[in-house]
Amino acid sequence: MGYVNPINKAACLELLCESNYKKLIRLIPELLKINVTAVGISPERPDLTLSIIERSHYTLTIKLSHRFSCATDYPITPDVTIRMYKDAQLAEVLNDCDRSEVYRVYKDPAQINEILHYKWRLNYFLEKWLDHCLTTDYTFNDENQTSSALS
C-alpha cells in the first residue's frame with residue numbers, strides 16, 4: 001500500500017476523519033442505531049464484526065474487525081477502535097491491533113509532529129480499509145443488529 005505524507009497533517013487529518021465518518025455510514029447505514037453488535041457479510045469474504053464500546057449523546061466508540069475464522073483463539077485483524085463524533089461527523093482511530101492509543105505512546109504534548117504523524121498513519125489505514133470494504137459489498141443484516149433510541 002502506498003503511503004501519503006501531507007505537509008499540513010493537521011488540516012489533512014481533519015479531512016481524512018470527515019471522509020472516514022462518511023465511509024463508515026455508507027458501509028453500515030444503520031451504524032448510529034446499533035446497540036451492541038452487528039456482523040457484515042459479503043460473498044466469499046471474511047465477516048466484518050462491529051461492537052459498540054461506548055455511546056454518549058455526541059460520540060460513539062466502536063470496534064471494527066474482520067473475522068477470518070470461527071476459532072476463538074484465531075487472531076482478529078485488522079482490529080480497529082474508532083471514536084465517532086456524531087455532531088462534527090468525524091471518525092478518528094484510537095488504536096488498532098498493532099498500535100496503542102496515542103496518549104500511551106506520546107506522553108509529552110510537545111511531540112506534536114510525532115503525534116500528528118502517528119494519528120495520520122492510523123486514520124490513513126482506516127481510509128484504505130474502508131475503501132476496500134465498500135468495494136466488496138458488505139451487508140449488515142437487521143437480524144444481527146439491535147436498535148437503540150440513542151443516536
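**A quick tour**

Mentor: The protein exposes about 8,600 Å², and carbon and sulfur atoms supply 51% of that area. Accessible areas come from the Shrake-Rupley method with a 1.4 Å probe, and for residues only the protein chains shown count as cover.

Trainee: What kind of model is it, and how are residues numbered?
Mentor: This is a predicted model, where local features need pLDDT of at least 70, side-chain atom pairs count only at pLDDT 80 or more, and totals for chains, interfaces and linings use all residues. Residues are numbered from 1 along each chain as its sequence is written, and side-chain values use heavy atoms, with hydrogens and water left out.

Trainee: How much of the protein counts as buried?
Mentor: Of its 151 residues, 40% count as buried. Buried means under 20% relative accessible area, exposed means over 50%, and partly exposed is in between (1.4 Å probe, protein chains only).

Trainee: How many helices and strands?
Mentor: The protein has 3 helices and 6 strands. Along the sequence the pattern reads α-β-β-β-β-β-α-α-β. Helices (H or I, at least four residues) and strands (E, at least two) are DSSP runs, numbered from the N terminus.

Trainee: What is the order of the strands in the sheet?
Mentor: β5-β4-β3-β2-β1-β6, in an open sheet of 6 strands with antiparallel pairing. β5 and β6 (139-140) stand at the edges with a single partner strand each, so one side of each has no neighbour in the sheet. Two strands pair if DSSP finds at least two bridges between them.

Trainee: Which helices touch it?
Mentor: Helix α1 (residues 9-27) lies across β2 (47-55), β3, β4, β5 and β6, at about 95° to β5. Helix α3 (residues 112-135) packs on the sheet too, touching β2, β3, β4 and β5, and its direction makes about 105° with that of β5. Axes are lines fitted to C-alpha atoms, for helices over the stretch in contact, and angles run from 0 to 180 degrees between N-to-C directions. Contact means heavy atoms within 4.5 Å.

Trainee: Back to the strands. Why is β4 called largely enclosed?
Mentor: Because 5 of the 7 residues of strand β4 (residues 79-85) are buried. β4 is joined to β3 by 7 bridges, running antiparallel. β4 also pairs with strand β5 (residues 90-96) in the antiparallel sense, over 6 bridges.

Trainee: How many residues sit between β4 and β5?
Mentor: There are 4, and the two strands form a hairpin. Gln89 in the turn has a positive phi of about 55°. Across the pair, Thr81 stands opposite Asn95, and Ile82 stands opposite Val93.

Trainee: Let's zoom in. Is Thr61 buried or exposed?
Mentor: Thr61 counts as buried, because its relative accessibility is 3%. Thr61 sits in strand β3 (residues 59-67).

Trainee: What does Thr61 contact?
Mentor: Leaving aside neighbours within four places in sequence, Thr61 is in contact with Ser51, Ile52, Ile53, Glu54, Thr81, Ile82, Arg83 and Leu94. Thr61 and Leu94 are 33 residues apart in sequence, with their C-alpha atoms 9.1 Å apart.

Trainee: What is the bridge partner of Thr61 in β4?
Mentor: Arg83. The side chains of Thr61 and Arg83 are also joined by a polar contact of 3.1 Å. A polar contact is a pair of N or O atoms within 3.5 Å; within protein, one must be able to donate a hydrogen and the other to accept it, and residues adjacent in sequence count only if both atoms are side-chain atoms.

Trainee: Which residue does Arg83 meet in a salt bridge?
Mentor: Glu54, at 3.7 Å, N to O. Arg83 lies in strand β4 and Glu54 in strand β2, so the pair ties together parts 29 residues apart in sequence. A salt bridge is a side-chain nitrogen of Lys or Arg within 4 Å of a carboxyl oxygen of Asp or Glu.

Trainee: How many salt bridges does that rule give?
Mentor: The count comes to 6. One of them joins Asp131 to Lys23, with the closest N and O atoms 2.6 Å apart. That pair links helix α3 to helix α1, 108 residues apart. Lys23 counts as buried at 11% relative accessibility, while Asp131 is partly exposed at 26%.
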